Amino acid sequence: MNIIELNNVTKNYPLGNTTVHALRGIDLNISKGDLVSIIGPSGSGKTTLLNIIGCIDTPTSGSVKIEQQDISTLSDKKTTDLRLFKIGFIFQTFNLIPVLNVLENVEFPLLLMKKHSKDEIRNKSIKLLSEVGLQDHINHKPAELSGGQRQRVAIARALITEPSIILADEPTANLDSKTGEQILNIMKEINSKEHTTFIFSTHDHDVLKYAKRIIKIKDGVIDGEENQ
Amino acid sequence: MKLIFTIALRNLFRHKGKSLVIGIILFLGAFIMTIGNGIITGLNSGLQENIVNKFTGDIVLISEKQESNAVIISMMGKPIEMINNYTLIKKLLQGLPYIDKYIPLAQGTAMLLNEDGEPDFNFLLGVNFEEYQKMFGNLKVIEGRLPKVGERGLLLTDMNRKTNYEYLLNAWVIPPNTKVVTSNFSQEAKLSFEQHKLKIIDSMIFMGMNEKNSALDIKPSIIGVIKFKALNSFFGYLNLIDIESFRECFGYVTAQDSASSLDKDKSKLLAMESENLDDLFSDKQLFVQEKVNQNDYSLNNLQTKLEKKVTTNINLDNGTYNQVYIKLKPGTKLDNAVKKLNISLKKNNLGVKAITWKQALGEMADMATVIKVALFVFVMFIFFVAIIIIMNTLSMAALERIPEIGMMRAIGARKSFVALMFFYETLFMSLVFGGAGIVVGAIVIKILSLMNITTTNEMIQLVFGGDKFHPFLTVMDFVLCAIQLLIVTVIATIYPILVASRIKPLDAINRD
């Protein structure tokens, strides 16, 4: 079953007097439980594609369906809720809320959901932080953590809502190779355990071994696909 | 809710510099606003205390025929229309539950003549001294004394004495059988006194002015020289004279006349103020032929008449007045009382109307209102400036926090979450810094009040609401300050909230 369906998606950006064609007609289906890597050189359209899948950006044309729901018809509120309930994000630059400590950052999405009790949220957050090896840092502020630790907090935050899809934009780009490997191992483990769909972009070929499916993108079009 | 509040609060501490700038603006805004409110309340209360309680009462009754309502400070123009039926008015006033006190009086412009027969103008306020003091208690004797019960004569104001000396009499007036008090001299009088040129007199001749030129010259006994305890520079032009002398001076019907020569029918006619023409042309006799001795109008005879120190046991209410000052019971709403009183007056066909003290004061009340409005506008201007600065600073802060806000939106925070976060940040600063501004403002108001600042400047007296600067804050003022602060907070955050709410997750990514 396809969890994500992209049909002839294009994305154009105005840049001065010219138009940048970031995506030029992408057709892509991703199944539940996939671990997909989108690979391509800088400026190939990887991040734009992830943003459109993550409902952060809208396509210029074409349709995007998440769990059979066409996102172009959704209001801002519903799109926000879709991101909250269905999608988890791991950004390239470890975007955490600077004024909240590690535990509060992880709790944040669940608190927005207003569906769980305080104790439930606390216990679940601590459990997740233990799983990513940060049980001893729950009271630290993001500024007091290393890059790898921050990215692990971001993973825990992305997982806390048990989303169907986790999008990671170059999750290892700012990490040393050892930490990057740890992060990818965590992602792989969760994918196999929880059947969470992972889509991550990268231009690092060493990262590709973790993916079940590799989608190559070049100049805004899919240039090839590999299954591993 | 707690989450938003936590983030908002911590953001304030994270951006200490900006928070401090906004905080200082809020502090200053609230501080100035509190001071302004304190001054406005002091001004209101001062005017209430000094004008209503000491000079005019809340309501003034004047004849329905009176064209201009500004009867108290009307420098020149037509004489004030007479009220000849005070006994009936009094009867009505006695029965009204919202009326506390009242006093009838008469005000008019008299000519003061010097020994060469040259005239100048003086205002006379004809009163029953005892009742006047009971009602207002605003007289401070600086020479001579206050009149005894029923005593006839004049209380000359210090201000009129100085003006009369300078512009007309060239002589310094003192009450008979009193010594010259040099400390009360004007500059000019002091200079003349030092040069042994100062002429001292103890009497003055006034000639009342009325429309029928039926007034008389009077030479009242000068009982004392007075100052008003408050707003002397505004009301110091009003010499006080006993009501019977005033009536004689202005050709009004005196109580003595009423007692001696008015029969029942004439009294009734006077009470009607000649409004009812049918009654006027009835077959009842209107005039009684009386023999008038020419000597009755001689100056000597008049002086003899006025030398009579104590009036005979007559009812002063039976003569003519031209105003009635009324004080309302505490808690009575002025506008309601005026409305109700006018209905009662009309119903009883009394030929008088009720106006507010502000209407009766005319320009002076208008000036006070202008000053009040100016103060209010100033406070509002401070608000406006505070709003602009806070709005600008918060909008800049929102733009600087695009990555953080965009990321929150990306992981599921709705626009309302971001809006509330910004609102709480400003609200918290308003509570802390604005609250501190109100508290410090209240302390400064208290200190200013205790400093007992006085002024003789007329314009500043209007700002003070009297001679003394007595700003203060009521509970309602604190509530008003809090509301004003809340308004500033809400208005100042609207635009930054819009800016912050428009931040999209993509903006955060693009910023990176």
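**Cores**

I began with the largest nonpolar core, which holds 97 residues, and noted that F108(A), I199(A) and F417(B) touch the most other members. By nonpolar core I mean a set of buried Ala, Val, Leu, Ile, Met, Phe, Trp, Tyr and Cys residues joined through side-chain atoms within 4.5 Å. Buried stands for under 20% relative accessible area, exposed for over 50%, and partly exposed for what lies in between, with a 1.4 Å probe and protein chains only. The largest share of this core, 7 residues, comes from helix α3 (residues 102-113) of chain A. I then found a second, separate core of 45 residues, which includes L96(B), L168(B), C249(B) and Y321(B).

Before going on I wrote down that this is a predicted model, in which local features need pLDDT of at least 70 and side-chain atom pairs count only at pLDDT 80 or more, while totals for chains, interfaces and linings use all residues. Residues are numbered from 1 along each chain as its sequence is written, chains are lettered from A and ligands numbered from 1 in the order in which they are written, and side-chain values use heavy atoms, with hydrogens and water left out.

For I199(A) I listed the contacts (heavy atoms within 4.5 Å). Leaving aside residues up to four places away in sequence, I199(A) touches I4(A), I30(A), V36(A), I38(A), L50(A), I53(A), I165(A), I166(A), L167(A) and A168(A).

**The open sheet of chain A**

Next I traced an open sheet of 4 strands in chain A, which come in the order β2-β1-β4-β5 with antiparallel pairing. Helices (H or I, at least four residues) and strands (E, at least two) are DSSP runs, numbered from the N terminus, and two strands pair if DSSP finds at least two bridges between them. The edge strands, each pairing on one side only, are β2 (18-31) and β5 (69-70) of chain A.

Strand β1 (residues 2-15) of chain A pairs with β2(A) in the antiparallel sense over 11 bridges; I checked that E5(A) has N29(A) as its bridge partner in β2(A), and that V9(A) stands opposite I26(A). The hairpin of these two strands has 2 residues between them, and there G16(A) takes a positive phi near 65 degrees. β1(A) is also joined by 5 bridges to strand β4 (residues 61-66) of chain A, again antiparallel, with T10(A) standing opposite S61(A).

**Enclosed elements of chain B**

Which residues cover the two faces of β12(B)? I found Q323(B), Y325(B) and K327(B) on one side and V324(B), I326(B) and L328(B) on the other, all of them buried. As 6 of the 6 residues of strand β12 (residues 323-328) of chain B are buried, I noted the strand as largely enclosed by the rest of the structure. Strand β1 (residues 59-63) of chain B pairs with β12(B) in the antiparallel sense over 3 bridges, and I59(B) stands opposite I326(B). Strand β2 (residues 99-113) of chain B pairs with β12(B) over 6 bridges, also antiparallel, and Y325(B) is the bridge partner of I103(B).

Helix α8 (residues 243-250) of chain B has 8 of its 8 residues buried, so I noted this helix, too, as largely enclosed by the rest of the structure.

For helix α5 (residues 158-169) of chain B I compared spans: a straight helix of 12 residues would span 16 Å at 1.5 Å a residue, whereas α5(B) spans only 14 Å between its end C-alpha atoms. The expected span is 1.5 Å times one less than the number of residues. The buried residues of α5(B) are D158(B), N160(B), R161(B), N164(B), Y165(B), L168(B) and L169(B). Seen down the axis they fall within an arc of 155 degrees, so they line one face of the helix; the arc is that of the directions from the helix axis to the C-beta atoms.

Is T34(B) buried or exposed? T34(B), in helix α2 of chain B, counts as buried because its relative accessibility is 0%. Among the residues that T34(B) touches are G437(B), I438(B) and L473(B).
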